[in-house]
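User: Hi! Could you walk me through this model with me?
Analyst: Happy to, let's bring it up.

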Amino acid sequence: MSGVIVGFGVIASIVVIGYMLGRIPLLGPGAKEVLSKLAFYVASPALLFTILSGTDLSVLVSGPVLVSVLSVLVAALTFLVVGIIRRWGVGRTTVGTLGSSYVNAGNLGIPISVYVLGDASLVAPILLLQLLVLAPVSLTVLDLNNGSAKGFWPVLRRALGTPVRNPVVIASLAGVLVSASAWTPPGPLMEPFELVGGMAVPAMLLAFGISLHGSALPGRGGPDQGPVLLAVALKSVGQPLAAWALGSLVFGLEGAALFSVVVLAALPTAQNVFNYATQYRTGEVLTREVVLLSTFLTVPALFAITFLLG
């Protein structure tokens, strides 16, 4: 459990620094946008290429992986269906779907996998699913929703072309290809990616902290209250329950394997979701509140899971 405390402590410290930068404001009025663009277009692609190029793709064929994938899909599809029925709009429904299912597999999932679960590779399948399926599909929808393409063929061309124009998707696919080729890039070639990628998580967290300055406390009502509450409930409660039910009742997992998939499902909404919302100027308040509330609720959730299954 020390890994949980360390992981959350690091995240909270950087967010507080970002909040203080927003109060001063030392970096100027455009700091949030600059940091978000730096993370989205430069640092995140470098980080994801570094991680995925060293991932063993054989982990994608195990039972626990299927449980993790299905639990993500259960949460995402539930929000998507409710968003369509309630007519929350394409943008809010898309980012809300991500907020209800897109786990913090990077800057929190990795340390928890190492310090709590004892195996950093356990988080790789979720990371791959999110980067190669959820992120490309969602970013394509957001791009089309904000774009000017009209008519069937222009929209189709834009839909097919958007993933290959997105730096996050390009870097992810490149990392997977390197891993699949069994080629080990030399150290001097990877070092720039590692250095630049090291800026990704701090930049995201600082931008998030800056955005909190002057913002109302989460859960205070408004047009986003319904989507926020649903996304947080699915992320903090629904997804872990789905992982437990699928793992124990369908796939017959038990012991450490079941504990691992439930812990990973209980991770909070990833900061990437807020970053995506900021880039497309869609559902920023919604995603900020979901990230904040799900992160706060993850601590007691992980303690409860450890007590019940650990």
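User: Where is the kink in helix H11 centred?
Analyst: The kink in H11, which spans residues 225-250, is centred on Leu234 and is about 40°. The bend at a residue is the angle between axes fitted to the seven residues ending there and the seven starting there. Helices (H or I, at least four residues) are DSSP runs, numbered from the N terminus.

User: Before we go on, what should I know about the model itself?
Analyst: It is a predicted model: local features need pLDDT of at least 70, side-chain atom pairs count only at pLDDT 80 or more, and totals for chains, interfaces and linings use all residues. Residues are numbered from 1 along each chain as its sequence is written, and side-chain values use heavy atoms, with hydrogens and water left out.

User: Thanks! Back to H11: is Gln239 buried or exposed?
Analyst: Gln239, which sits in H11, is buried, with a relative accessible area of 1%. Buried means under 20% relative accessible area, exposed over 50%, and partly exposed in between (1.4 Å probe, protein chains only).

User: And what does Gln239 touch?
Analyst: Setting aside residues up to four places away in sequence, its contacts include Ser71, Val72, Ser100 and Leu234. Contact means heavy atoms within 4.5 Å. Leu234 is also where the H11 kink is centred.

User: New topic: which residues touch the most other members of the largest nonpolar core?
Analyst: Those are Tyr102, Leu131, Val263 and Tyr276, in a core of 43 residues. Helix H6 (residues 124-146) gives the largest share, nine residues. A nonpolar core is a set of buried Ala, Val, Leu, Ile, Met, Phe, Trp, Tyr and Cys residues joined through side-chain atoms within 4.5 Å.

User: What is Val263 in contact with?
Analyst: Leaving out neighbours within four places in sequence, Val263 contacts Ile112, Leu117, Leu302 and Ile305. There is also a second, separate core of 19 residues, with Ile11, Ile14, Ala200 and Leu205 among them.

User: Nice. Which loop holds Ala182, and what is its phi?
Analyst: Ala182 lies in the loop between helix H8 (167-181) and helix H9 (187-197). Its phi is positive, near 65°, and the residue is exposed, at 68% relative accessible area. Most residues other than glycine have a negative phi.

User: How about Arg281: what is its phi?
Analyst: Phi of Arg281 is near 50°, again a positive value in a residue other than glycine. Arg281 is in the loop between helix H13 (271-280) and helix H14 (284-309), and counts as exposed at 61% relative accessibility.

Note on methods
Helix = DSSP H or I, 4+ residues; strand = E, 2+ residues; numbered from the N terminus.
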